[in-house]
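Me: Can you walk me through this one? I'd like to start with charges and rings.

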Amino acid sequence: MINSVYPHLLTEIKQRILSSQLKAALSVNAEMITLYWNIGNDIAKKQSEKGWSAGVIPQLAKDLKSEFPNLKGFSERNLSYMLKFANEYQDVTILQQLVAKLPWGHNILLIEKIKDQNLRFWYAEKCIENNWSRDVLDVQIKTKLLERQGKSINNFENTLPKPLSDLANQTLKDPYIFSFLSFDQNIKERDIENQLIQHIAKFLLELGKGFAFIGSQYHLEVSKKDYYLDLLFYHTKLKCYIVIELKNTAFKPEFTGKLNFYLSAVDSMVKETEDNPTIGILLCKDKDNIEAEFALRGITNPIGISEISFVEKLPDNLKSSLPTIEEIENEMKKFQN
């Protein structure tokens, strides 16, 4: 029940809004997030102290709209989010160190989609690290990025020094999830591979932090014979070249032998002295983990093996931001020229 204490609450919140406007005109994200938390915390305290029900929020939204008619963000729905936000993050230190660095829409998405706070913090940190949009964050949550991160079958522990082996392991995912064009039943396997290369190149650039694209079908000449790497990247964190081989089939042990050969060739012909050993990533439609582990035994070069999964349909708002096939082709030509 709203009583005589309510005007004091309204006055306090009005003062907070005016103070925030003077400091940053609500344009600085951290200031806005802090303001929202304080408002939510004010409401929570009054509900606890005075026994007010949720009915205070519609009245508060109405009065704030009357007081600040040109100021958005104080609707009944958003005030309810502020209350939930303050209840979720009662530790002000967490607010300042992490969630205040994220836009409000990102914070609401994390609260709505993820109940476990530690898991929520992990996605928040990755969001800040990779500068994800809200739509990309939504896709990463839906595709369970944390469960895929560092899950590839690899031999990094035996072929790379620490901490490079740990960093390399965390860089890889299993499976990799990409959108894919639809093909008719008569399409040739080579055409599927070409489309696969184009999409994977673009998505690794966008979603795999640190990957710098070098080229597709990268040419190497070994003993007067021509060889072509599906994709060649340089990883800015690992400070090494990364060779990615794509297979539109299930994993076969002989795939690792060919990739091992490519890695040796890149180390000898492309790698600079200051670069770390070249890493290979083998992407297959399917794999047997035990078979993959056996195939890597005795391999001296670092190789990771992951599956590919295709998202059949992306959200329209994310799909519109993706490049067309022509745009990807033009981008690749620029790197190859």
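Reply: A charge sits over a ring if NZ of Lys or CZ of Arg is within 6 Å of the ring centre and within 35 degrees of the ring normal. This is a predicted model. Here, the charged end of Lys247 sits over the ring of Phe255, 4.9 Å from its centre.

Me: What lies over the face of Phe294?
Reply: Arg297 does, at 4.3 Å from the ring centre.

Me: OK, rings with rings. How many aromatic pairs are there?
Reply: The structure holds 13. Take Tyr36 and Trp104: their ring centres are 4.7 Å apart and their planes are at 75°, so the pair is edge-to-face.

Me: Which parts does that pair tie together?
Reply: Tyr36 is in helix α2 and Trp104 is in helix α6, so the pair joins parts 68 residues apart in sequence. Both residues are buried.

Me: And how are Phe213 and Phe233 arranged?
Reply: They are edge-to-face too, 5.5 Å centre to centre with 65° between the planes. Phe213 belongs to strand β3 and Phe233 to strand β4, so this pair ties together parts 20 residues apart in sequence.

Me: Is Phe233 buried or exposed?
Reply: Buried, because its relative accessibility is 0% and buried means under 20%.

Me: Last one. What does Leu145 touch?
Reply: Leaving out residues up to four places away in sequence, Leu145 touches Trp122, Tyr123, Trp132, Gln140 and Lys173. Leu145 lies in helix α9 and is buried at 2% relative accessibility.

Conventions: Residues are numbered from 1 along each chain as its sequence is written. This is a predicted model: local features need pLDDT of at least 70, side-chain atom pairs count only at pLDDT 80 or more; totals for chains, interfaces and linings use all residues. Side-chain values use heavy atoms; hydrogens and water are left out. Helices (H or I, at least four residues) and strands (E, at least two) are DSSP runs, numbered from the N terminus. Buried means under 20% relative accessible area, exposed over 50%, partly exposed in between (1.4 Å probe, protein chains only). Contact means heavy atoms within 4.5 Å. Rings of Phe, Tyr and Trp (its six-membered ring) pair if their centres lie within 6.5 Å; planes under 30 degrees apart count as stacked, over 60 as edge-to-face and the rest as tilted.
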